[in-house]
2 protein chains.
Amino acid sequence: MNKFSKNQLQRYPVYLKFFRGLQEKGVVEISSPKIANELGYSEEQIRKDLQAISDEPGRPKRGRDVARVIENLESFLGYRENSNAVLIGAGHLGAALLNYTKFVDMGLTIVAAFDTDPTKIGQIVGGKTVYPISEFEKRLPEFNARIAIICVPEAFAQDCVDMAIKSGCVGIWNFAPGHLNVPANVVVENVNLASSFAVLSHRLGNLK
Amino acid sequence: MNKFSKNQLQRYPVYLKFFRGLQEKGVVEISSPKIANELGYSEEQIRKDLQAISDEPGRPKRGRDVARVIENLESFLGYRENSNAVLIGAGHLGAALLNYTKFVDMGLTIVAAFDTDPTKIGQIVGGKTVYPISEFEKRLPEFNARIAIICVPEAFAQDCVDMAIKSGCVGIWNFAPGHLNVPANVVVENVNLASSFAVLSHRLGNLK
């Protein structure tokens with residue numbers, strides 16, 4: 001069903017950031033060995049990754065057209081269409097995401113936040129209003145959002161996700177620890193800090 | 001050098017959380033098919049993952065001893081030794097991490113924060129003092145920390161990492177976007193929100 005592995009998908013934003021940096025410096029063409037040298041991926045991987053999303057046949061021995069690659073990456077990643085999202089849980093992490101200014105470069109706009117805490121409701125955080133979570137289902141249509149960003153404590157995450165899906169969200173970006181159960185037509189992507197730290201911790205252990 | 005893939009390493013905290021949950025519910029033994037059913041991994045993957053960190057031979061057809069698996073997972077993940085870390089950049093995201101109470105379950109203690117902002121210096125955030133970044137090199141030894149958590153804007157990330165490594169840090173947990181250059185004896189783990197969102201966005205696109 002999906003010909004791109006998760007690892008491969010995760011590399012594309014890294015390429016995009018790199019190519020945008022080249023464009024800012026006025027570079028119009030670059031070779032695979034140079035990309036390999038800068039990003040630490042193998043030349044073969046770079047060729048495979050970029051060919052998979054390219055709209056033109058490979059041109060061996062020629063450099064890559066920076067503007068063209070950016071166009072391919074942006075359209076593959078969906079950065080040219082904008083996605084609206086709502087955020088649930090305006091605590092410390094939620095507030096950090098509401099204040100993060102780089103999401104717009106990824107085609108992501110957080111349009112509103114929801115919380116249960118009366119001291120947060122009605123506040124403006126990062127330019128977005130915090131609404132009572134009891135109004136979620138009623139308000140979702142006005143925001144035209146199909147992604148819910150989950151920043152609530154683990155114990156509430158599944159309930160919030162169930163509510164978001166029932167209200168029409170089809171994408172869940174989950175920052176709460178723990179496993180979520182969702183129907184097959186809903187996509188979940190977890191940002192799992194414990195998993196990320198496990199990689200660091202294990203590799204540090206190997207260095208001892 | 002490293003027989004565990006990144007994907008595999010990232011699954012171990014998920015197992016640990018699951019097995020700890022079983023233990024809380026009083027479950028003492030569980031079969032691979034049941035684990036598979038709950039976590040959505042294949043039975044073969046579960047057997048392979050758990051065998052790789054086990055201190056006993058496989059016991060086909062027998063359930064897994066929950067307490068034993070937890071012990072193996074905790075010791076493999078280094079959760080039984082505590083790691084001290086310092087955090088650089090006490091902005092919104094940095095403050096969220098300083099206030100996060102679950103790191104201690106992962107054997108991670110953030111002992112201090114550093115920032116350049118005079119309004120932040122001297123504040124206590126999540127119970128930790130924010131020190132001026134100019135004192136980083138001088139103060140690092142007193143914190144016995146070998147991990148630096150990078151939460152500064154991208155433009156400052158490389159300079160902060162260079163400073164942290166020069167001062168003796170060997171592990172970098174990087175929350176800033178963009179590629180970092182480090183010597184071969186330093187481990188970097190990136191939490192890249194753009195990469196995570198790319199996976200969500202692409203899979204949502206496939207659902208259309």
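**Sheet and cysteines**

In this predicted model, chain B holds an open sheet of seven strands with mixed pairing, in the order β5-β6-β4-β3-β7-β8-β9. Strands are DSSP runs of E with at least two residues, helices are runs of H or I with at least four, and both are numbered from the N terminus. Two strands pair if DSSP finds at least two bridges between them. The edges of the sheet are β5 (124-125) and β9 (187-190) of chain B; each has a single partner strand, so one side of each lacks a neighbour in the sheet.

Within this sheet, β3 (residues 83-88) and β7 (residues 147-150) of chain B run parallel and are joined by four bridges. B:Ile88 has B:Ile150 in β7(B) as its bridge partner. Helix α7 (residues 154-166) of chain B lies across β3, β7 and β8 (171-174) of chain B, at about 170° to β7(B). Contact here means heavy atoms within 4.5 Å; axes are lines fitted to C-alpha atoms, for helices over the stretch in contact, and angles run from 0 to 180 degrees between N-to-C directions.

How many disulfides does a search of the whole structure find over all chains? The search finds zero, a disulfide being a pair of cysteine sulfur atoms within 2.5 Å. A:Cys169 is in no disulfide, as the nearest cysteine sulfur, that of A:Cys160, is 11 Å away. For A:Cys160 the closest cysteine sulfur is in A:Cys151, and at 10 Å it is too far for a bond. A:Cys160 is buried because its relative accessibility is 8%, where buried means under 20% relative accessible area, with a 1.4 Å probe and protein chains only. A:Cys169 is also buried, at 1%.

Residues are numbered from 1 along each chain as its sequence is written, and chains are lettered from A and ligands numbered from 1 in the order in which they are written. Local features need pLDDT of at least 70, side-chain atom pairs count only at pLDDT 80 or more, totals for chains, interfaces and linings use all residues, and side-chain values use heavy atoms, without hydrogens and water.

Notes
Buried means under 20% relative accessible area, exposed over 50%, partly exposed in between (1.4 Å probe, protein chains only).
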